[in-house]
Amino acid sequence: MLATSPVAAQDSDVTAEDEAGVGTIIVTANRREENLQEVPVSVGTLGGEALQVASGAGADIRALSGRVPSLNIESSFGRTFPRFYIRGLGNTDFDLNASQPVSLVYDDVVLENPVLKGFPVFDLDRVEVLRGPQGTLFGRNTPAGIVKFDTVKPGRGENYVRASYARFNTINLEGAVGGDLSDVASVRLSGLYQSRSDYVDNLDTAQKDDLEGFDEIALRAQIQLEPTDDFSLRLIGQYRDLDGTARVFRANAFATGSNDLIGLDGPGSKFERNETRADGINFQDLKSYNLGAVWEYDLGAATITSVTSYWNAELESRGDIDGGFGNAFAPEMGPGFIPFSAQSQDNVPSLDQYTQEIRIASNDGGPLGYQAGFFYFNEKLNIESFDFGTPTDLTPAAVARQRQESEAWALFASLFYQFDNGLRIQGGIRYNDDKRDFAADRPVDSRPGFLGFGGPVPTQRTSVDDEVITWDLAATVPASDDVNVYARVARGYRAPSVQGRLAFGRELSVADSETTMSYEAGLKTILADGMVRLNLGGFYYTTEDLQLTAVGGTNNFTTLLNADEVEGYGFEAELQARPMEGIEFAGGLSYNDTQINDPNAFVAGCGAPCTVLDPERTAGSNIYSIDGNTLPQAPKWTANWSLGLTEDIPGTNGEIYLFTDWAYRSKVQFFLYESVEFSDDSMLEGGLRIGYRTDRYDFAFFGRNITNDVSAVSGIDFNNLTAMVNEPRIWGAEVGITF
């Protein structure tokens, strides 16, 4: 029930579930099971009913945004391409090979490409958010932290089915079944089906409700073999199929001179989330699958673990990028002024990711512990980008291609020692070797010469590589039986990046590696005789050569750059309280202050008529300094809180319950430059669930975004004042059964 802690019957990582107090939360931040209160890392957790509530009702992975302090998630592709931010560090790049400083780790497998990171959330044991650099154990592209998913394994968790029906014909059907096949084999099968009818009505088409619908299915099969007491093998297969529409872009939804959302009739009209006017084709199709194997061999004093994984994905996504109808050269246009039509499509014909890790780790039993290992990563990615001359064209006027192959390997080791007085010191080091080969061209371009694209572009090639040492050093010391003090210093990095979406440019863009030094300290406490858990932590970091992405702007071209330095500091606080039987409360609060420090960092301003607040390099250049700016999509304040109430029904084994959860973020800017229009002042979304349950059945009514908050979450700046908005209010009913 707790917004920051895994608590539920299916979650086996909270000990003494029925005992009074908050219990013990077990996490695997150090790739071994440990008490959250004893781990010298800033970790936020989400699991059990809190995770079930957030991810139900047709929601995708973006629903986890703000449910843990300092975590933000948004997307301009909708369900297929989430962008993660931790402590303000992230990447607003929309290209399909975008590099992110937050890694998503699914059952110890890093998912590198953003398309893979959107894999649906179902049948999970817990979600852990590790804040700060995690380069020692998790390697490349983790200077901001990681979001770690652990699925329910064979032999653990309950069998269950949950089905819900909600507004817009939203269907959410999730289930899992498992058990022993023999003395040496067990299995777990789980699946998720989500569907929603189109609910956004494009007023420029004859049909009613055209956009934002989807049908999605995800499946997982796991087989666990334990032929001996010392050896185990787990085989994994996963599949995803999404058929829906691309993100709806809303032309001129920002009022000029403010960031207020306005309706289709311009300033003064009311913004309606379920209406738009657009003349382009819109669709999105994604298929992905995964095959993997994990084996462990217990040597007695240590265990050898091997994790092998292969992922494949294919994507086609086309959208009306200008978000409106017509243009300045057509008889009609709108909403507002549309200088030109923009219709594009991005495909991933093939994405192949292979990873292999093998490590040895000491078994528990002494004050000294260690682990060491080898990691290998290989990715082959092909991307196609199409630009269409008119909104309904089926033959592109321009075709651009990207071919990328990335290879990385690493050696790592970590060591800890716990003294008799309870002081624990741990440290680790990792050697990283990265290489990326990249090629791009524009073989077809029949667009008129006055548009300035200059015809076809021959193949351009480049390669980037780097060798980097990352490390961490941390300590935990008990101040009392219920209070631990911790401190940590860590160095993380992001590998060099290349961009070359030549549909709208003629040159490749390269960014060097970035390195982050992070310092943090905090308290982890159990108070009020175990009724309250309160964890506090403060941090400061500097990132040298931070990779930034200037997206859109006047020329609508993605450009990579390195900022000399970015500073960030802040704190996180997480509270969990169970003051008496039937009452549970949880809350989280974070403050993040980020600043770009580079007097030579300039980016193009908006192509749309927005109000830029930064100094212009020269009058009329539309090039602006970003020195001193905060990072995009980095709110200073985030908060989340939840309350769960239960009351037993006399004479039955059932109870009625109420659960409400809320997430808030403060103002964000959407681009590297700061403007009046391309920003959002705040967002507050709440959920409510009221139901009756027994040890087997659960009947509930629920609502998400119950106040119907309407907030912009991103924008497009090269054409007009285009906005993307948050998810609508959803209400419905759910039935669940465990067996």
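**Surface, core and strands**

Student: Which residues make the nonpolar surface patch of about 590 Å²?

Tutor: Patches take residues with over 30% relative accessible area and no salt bridge, joining like charges within 9 Å and nonpolar side chains (Val, Leu, Ile, Met, Phe, Trp, Tyr) within 5 Å. A salt bridge puts a side-chain nitrogen of Lys or Arg within 4 Å of a carboxyl oxygen of Asp or Glu. Areas are Shrake-Rupley values with a 1.4 Å probe, and for residues only the protein chains shown count as cover. The members of this patch are Val161, Tyr165, Ile171, Leu173, Val177, Leu189 and Phe739.

Student: What pLDDT must side-chain atom pairs have to count?

Tutor: Residues are numbered from 1 along each chain as its sequence is written, and side-chain values use heavy atoms, leaving out hydrogens and water. This is a predicted model: totals for chains, interfaces and linings use all residues, local features need pLDDT of at least 70, and side-chain atom pairs count only at pLDDT 80 or more.

Student: Which strand gives the nonpolar patch its largest share?

Tutor: Strands (E, at least two residues) and helices (H or I, at least four) are DSSP runs, numbered from the N terminus. Both β11 (160-166) and β12 (170-180) supply at least two patch residues. The largest share is three residues, from β12.

Student: Is Tyr165 buried, exposed or partly exposed?

Tutor: Tyr165 sits in strand β11. Buried means under 20% relative accessible area, exposed over 50%, and partly exposed in between (1.4 Å probe, protein chains only). With a relative accessible area of 47%, Tyr165 is partly exposed.

Student: Which residues have the most contacts inside the largest nonpolar core?

Tutor: A nonpolar core joins buried Ala, Val, Leu, Ile, Met, Phe, Trp, Tyr and Cys residues through side-chain atoms within 4.5 Å. The largest one has 82 residues, and the most contacts inside it belong to Val147, Phe149, Leu548 and Phe678.

Student: Which strand gives this core its largest share?

Tutor: That share is five residues, supplied by β31 (residues 532-550). A second, separate core has 13 residues, among them Val27 and Phe412.

Student: How many bridges join β31 to β32?

Tutor: Two strands pair if DSSP finds at least two bridges between them. Ala550 stands opposite Thr559 in β32. β31 and β32 (residues 559-580) pair in the antiparallel sense, and the bridge count is 18.

Student: Which residue in the turn of the β32 and β33 hairpin has a positive phi?

Tutor: β32 and β33 (residues 583-597) are antiparallel over 14 bridges. Gln576 has Ala586 in β33 as its bridge partner. Two residues lie between the strands, and the one in the turn with a positive phi, about 95°, is Gly582.

Student: Which strands stand at the edges of the five-strand sheet, and why is one side of each left without a neighbour?

Tutor: The open sheet runs β4-β9-β10-β7-β8, with mixed pairing. Each edge strand has a single partner strand, so one side is left without a neighbour in the sheet; these strands are β4 (42-46) and β8 (109-111).

Student: What is the average twist from one strand to the next in that sheet?

Tutor: Axes are lines fitted to C-alpha atoms, for helices over the stretch in contact, and angles run from 0 to 180 degrees between N-to-C directions. From one strand to the next, the twist averages 25°.

**Salt bridges and backbone**

Student: How far apart in sequence are the parts that Arg501 and Asp95 tie together?

Tutor: Their closest N and O atoms are 3.6 Å apart, in a salt bridge. Arg501 lies in the loop between β28 (497-499) and β29 (509-511), and Asp95 in the loop between β6 (83-86) and β7 (102-106), so the pair ties together parts separated by 406 residues.

Student: What is the N to O distance between Asp60 and Arg62?

Tutor: The structure holds 48 salt bridges. Asp60 and Arg62 are both buried. Their side chains meet in a salt bridge at 2.8 Å.

Student: Which peptide bond is cis, with omega near -10°?

Tutor: Pro335 lies in the loop between β21 (333-334) and β22 (343-362). The cis bond runs from Gly334 to Pro335.

Student: What is the phi of Asp209?

Tutor: Asp209 is in the loop between β14 (201-202) and β15 (214-225). At 26% relative accessibility, Asp209 is partly exposed. Although Asp209 is not a glycine, its phi is positive, about 65°.
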